[in-house]
Amino acid sequence: MDGMKRVPVREQEPKVRAKNFEEVCLGYNEEEAVAEAKRCLQCKNARCMSGCPVSINIPGFIKEVAEGNFAAAAKVIAESSALPAICGRVCPQETQCEGVCIRGIKGEPVAIGKLERFVADWSREHGIVPEKPEKTNGKKVAVIGSGPSGLTCAGDLAKMGYEVTIFEALHEAGGVLTYGIPEFRLPKETVVRAEIENVKKLGVTIETDVVVGKSVTIDDLMEQEGFRAVFIGSGAGLPKFMGIPGENANGVFSANEYLTRSNLMKAFRDDYDTPIAAGKKVAVVGGGNVAMDAARTALRLGADVHIVYRRSEAELPARAEEVHHAKEEGIIFNLLTNPVEILTDENGWVKGMVVRKMELGEPDASGRRRPVEIPGSDYVIDVDTVIMSLGTSPNPLISSTTKGLETNRWKCIVADEHNGKTTKEGVYAGGDAVTGAATVILAMEAGKAGARGIHQFLSGE
Amino acid sequence: MFQIVRSEKLADKIYLMEVKAPRVAKTCQPGEFVIVKTDEKGERIPLTICDFDREAGTVTIVIQTVGASTERMVQKQAGEYFQDFVGPLGNPSDFIKENPEELKGKKYLFVAGGLGTAPVYPQVKWFHEHGIDVDVIVGAKTKDLVIMEEEMKAVAGNLYITTDDGSYGRKGMVTEVVKDLVENEGHHYDVCVAIGPMIMMKFVCLLTKELGIPTIVSMNPIMVDGTGMCGACRLTVGDEVKFACVDGPEFDGHLVNFDEAMKRQQMYKTEEGRAILRLREGDTHHGGCGHCGGED
């Protein structure tokens, strides 16, 4: 076998998967995983580990896979990550572990993400569950939000012996893993629920239907309910809109709404009550992972889909794999294009979108070349649905109801990135509530940091 | 799981339910709402809080059936459970932050239309508990659809009931009563609070603007999560786009763009809206349509 190339991973055919919600990537089998693991050079100074936000012992677990010791590999990963089946699927490996892999200099980097996923799936299928600590230390910690940062923080603290309760605002745990990332990229029942169950098996309690800031405040949790410390992992927040004419027309959605209806409320299934206006011709505005998720969901609901993005392909913030999959499935990319108005019919429904062509100018503060409008280039795209995927702004529910919790000028919670410490004693924070919208793995890194900070605080008491 | 402790049919398609939800009952205030999900496959349905008992840990809601989710909801009997009952959501009415002594110098008029009687009740009750009499107009299509009359009578100052067909109380729309009270019966009001169908709130606001009475309305648009995440409940207030769930649900009625809000509400909530969806989408139409719930 050519050592320069990675073992290809099996996927559903684009034409087939464009019509279903089954997972796109089928993952490695045992044979493929062992073959791919053997490509790892077992570097002494493993650069991949420093590329991993949660510092998984990557050569360590890959060595076990290469030798066929899958249970041992799972143990190595579990030292650092509680959500490997999720990370193996949604991490941007190409800019993290795989991006610095020595194998990648001359050929293709080791498929670390696919191997992680294999190990996690294998251990789930073989009934391997994490061990609950023998006894707790009796100290109660509250975690707000059951997304990636909250689950990670809760899992780490439970392993250290804390009694952890997660408070979740929605009716299902998982945060963005449940309401945001679609089934075809991250299966809910087999992967997300299973990993949440694993966190619960560590002794973590999850109370759903509690909106902290409304149902109960952080001060009440600490003063009346006996929680000695709190970790805020409440996630991103309120969807942004462009502020262009016609944006409140029927048929204009935030990506959050569109995805929540489909993923959390299961509107794509006819046996669930929640409706979704899927659309026949859909434009998704934005170029991030969420935009790709919304576009590929609309496609599976039967629509012709355009991605409308104001910069060029090189600047697309989405993971390369998502863009590649979207193209394969037949999504049309209108790049260097920016919406200026949404046209409506007499009943207030979308009937088209006026867009303007752009060109790239000088680099802006983000280092990306700034898109500049080309005068007189407006034209109309024929669409009946527009999905805005422009990011989010922080949710004020917690910051406005917690005394002494400072926010920065973007209204994000101020927290130390090394230990999650906020301006309020005993309160720690991490994930999108602190950084603004980022990735699952960065939120997990922040959850780990928060757990360390809380442990330092409570063990020093 | 949240246990239903009392269930009562108030009128055709209108039901009252008292639900054990200690966290909500402990902190809720007039003006706020809850989201209720009957079972695994149900919709998340926003409902305004009608009453609460902090000691018993219960919250009372009033539901009007409009589709599959609300039908399944009202079939639940006392002793059975709702899968989810989350809240309180939204912001309390502005007056609860005011000094009750200063409020005594202001005259409030509440205008409740149909199901809107339910969310008006805890507000009127709040004033009553603070020793302030407010006037209340309750409007309904016909006598049988007047709800909570006895409860309202016990807490209101003057209570005026009006029915469209004149089968009970005065005859005509609530706007006619407002006009009569102010122009012909010598009443003066400093603030009006109008809660009911959007079309009623729109016309009350047109009138009170003319009469120079500042008016608060409670908006009940389409919602999914109710915590700010989805943006489905956005509406235009003055020059700004607001989210009813985190910025409201109560707004200055003279600034709300009701025409836009009513169009948006059509989308999934009315048979007409659902029919338009079916027509526009044809074979790509998905999910629950024709039997989706939501408050009228």
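This is a predicted model: local features need pLDDT of at least 70, side-chain atom pairs count only at pLDDT 80 or more; totals for chains, interfaces and linings use all residues.
Visitor: In which order do the 5 strands of the open sheet stand?

Guide: Residues are numbered from 1 along each chain, and chains are lettered from A in the order written. Local features here need pLDDT of at least 70. Strands are DSSP runs (E, at least two residues), numbered from the N terminus, and two of them pair if DSSP finds at least two bridges between them. With parallel pairing, the order in chain A is β5-β4-β3-β6-β18.

Visitor: Which strands of chain A stand at the edges?

Guide: An edge strand has a single partner, so one side of it is left without a neighbour in the sheet. In chain A these are β5 (205–207) and β18 (427–429).

Visitor: What is the bridge partner of A:Ile144?

Guide: Strand β3 (residues 140–144) and strand β6 (residues 229–232) of chain A pair in the parallel sense over 4 bridges. In β6(A), the partner of A:Ile144 is A:Ile232.

Visitor: How are α4(A) and α5(A) oriented to each other?

Guide: Helices are DSSP runs too (H or I, at least four residues), and axes are lines fitted to C-alpha atoms, for helices over the stretch in contact, with angles from 0 to 180 degrees between N-to-C directions. The axes of α4 (residues 58–66) and α5 (residues 70–78) of chain A come within 7 Å and cross at roughly 170°. Angles over 145 degrees count as roughly antiparallel, so α4(A) and α5(A) are roughly antiparallel.

Technical notes:
Side-chain values use heavy atoms; hydrogens and water are left out. Angles under 35 degrees count as roughly parallel, over 145 as roughly antiparallel, 65 to 115 as roughly perpendicular and the rest as oblique.
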